[in-house]
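This report is for a reader who meets the structure for the first time. Please look through the sequence and the model before reading on.

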Amino acid sequence: MRTDRLVAVLLMLQRREQVTAAEVARELEVSERTARRDLDALAMAGVPVYSTQGRGGGWRLVGGARTDLSGLTAGEARALFLVAGPASAATPAVKAALRKLVHALPEPFRAQAEAAAASLVMDPRRWGSSRVEHRPPRFLDDLQDAVIRGVQVRLGYVDSKGAETERTVHPLGIVAKGPAWYLVSHTETGRRTFRIDRVTSADPTGDPVHRPEDFDLAQSWREIADEIDRRRTPLEVQAVCAPHAIGILRIGFGDRLEVGGTTTDGRIDVVIRGHDDYTLAGEVAGLVEWLEVTGPPGVRDHLASIGNALVERYS
């Protein structure tokens, strides 16, 4: 949800005893469908709102439209300000909006809410990695807005080979993968994924998105990620490993490791995915104490060459 619209809906709820989706739609100049989705999203985010059905129904804040937000429980207040804290992945605008709400909290909750905002630090860098500051890509907000409003986008894009294209896409969702952001879309050639930092233009057309009824963004991304992993690591090495070294392999290879059953001699069958024979041989060469590669032959040949080179240099 766009931050300005989230805050606007919340302020409407605070100002009035009750609002309807139609009233929100008129005031914010969006469709009723979008207004209902925004109201639902507020509730799912932990803001204490509820809806009443039937004639005269609408949306209300728990405890009434009071600006002190006294409907919040202590736990909800802490959760709200964890989102506003330095460890959160929320954008600066979201954090600023949430921090302003601290002044509307009842006094008993305020100290704990502020403590929650400062209680956790997240450092996404691995030990030894360089300090790189990643900024959100230029068109992230525009594409997120298109997803939420359900409108098609005329997209300018530069692919990994530097080729520039322009096409109309149906935005279905946005995914953050590490420091990179991706747009999941339906196109005339099927489902496509675009790195948002390669987008050169994003112009909403106003035409509605054709969204598959059974589309689930999380499930779709799992399928996309699995497919990308298979393309990046097409080679599979078969090996047997000493049981006590499985933990070391998990640390070193992560999702590229598949652990099988126990062999007759007590070792464990494993499969390790990689890019090519030479690279995989280099990765597993240091594990010779615990790991025996049984195939493919190309990896075994490279391991033998590595072993001969080591003996020649250090004997």
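The text below covers the chain as a whole, then a sheet, a residue in it and a pocket.

**The chain**

The model is predicted. The chain holds eleven helices and eleven strands. Of its 315 residues, 34% count as buried. Taking contacts between residues at least 6 apart in sequence, 58% join residues at least 24 apart.

**The sheet**

Five strands make up an open sheet, and their order across it is β6-β5-β4-β3-β7. The pairing in this sheet is antiparallel. Strands β6 and β7 are at the edges, where each pairs on one side only. From one strand to the next, the twist averages 45 degrees. The residue ranges of the strands are listed here.

| Strand | Residues |
|---|---|
| β3 | 151–158 |
| β4 | 164–177 |
| β5 | 180–187 |
| β6 | 190–195 |
| β7 | 199–208 |

Between β3 and β7 the antiparallel pairing runs over six bridges. Within this pairing, Val151 stands opposite Pro208 of β7. Helix α7, residues 140–149, packs on the sheet and touches β3, β4, β5 and β7. The direction of α7 makes about 85 degrees with that of β4.

**Ser185**

Strand β5 contains Ser185. Is Ser185 buried or exposed? Ser185 has a relative accessible area of 0%, so this residue is buried; the cut-off for buried is under 20%. Leaving aside residues up to four places away in sequence, Ser185 touches Val169, His170, Pro171 and Leu172, and also Gly190, Arg191, Arg192 and Phe194.

**The second largest pocket**

Helix α8 gives the largest share of the lining, eight residues. By residue type, the lining of the second largest pocket divides into 14 charged, ten nonpolar and four polar residues.

Notes
Residues are numbered from 1 along each chain as its sequence is written. This is a predicted model: local features need pLDDT of at least 70, side-chain atom pairs count only at pLDDT 80 or more; totals for chains, interfaces and linings use all residues. Side-chain values use heavy atoms; hydrogens and water are left out. Helices (H or I, at least four residues) and strands (E, at least two) are DSSP runs, numbered from the N terminus. Ala, Val, Leu, Ile, Met, Phe, Trp, Tyr, Cys and Pro count as nonpolar, Asp, Glu, Lys and Arg as charged, and the others, Gly among them, as polar. Two strands pair if DSSP finds at least two bridges between them. Axes are lines fitted to C-alpha atoms, for helices over the stretch in contact, and angles run from 0 to 180 degrees between N-to-C directions. Contact means heavy atoms within 4.5 Å. Buried means under 20% relative accessible area, exposed over 50%, partly exposed in between (1.4 Å probe, protein chains only).
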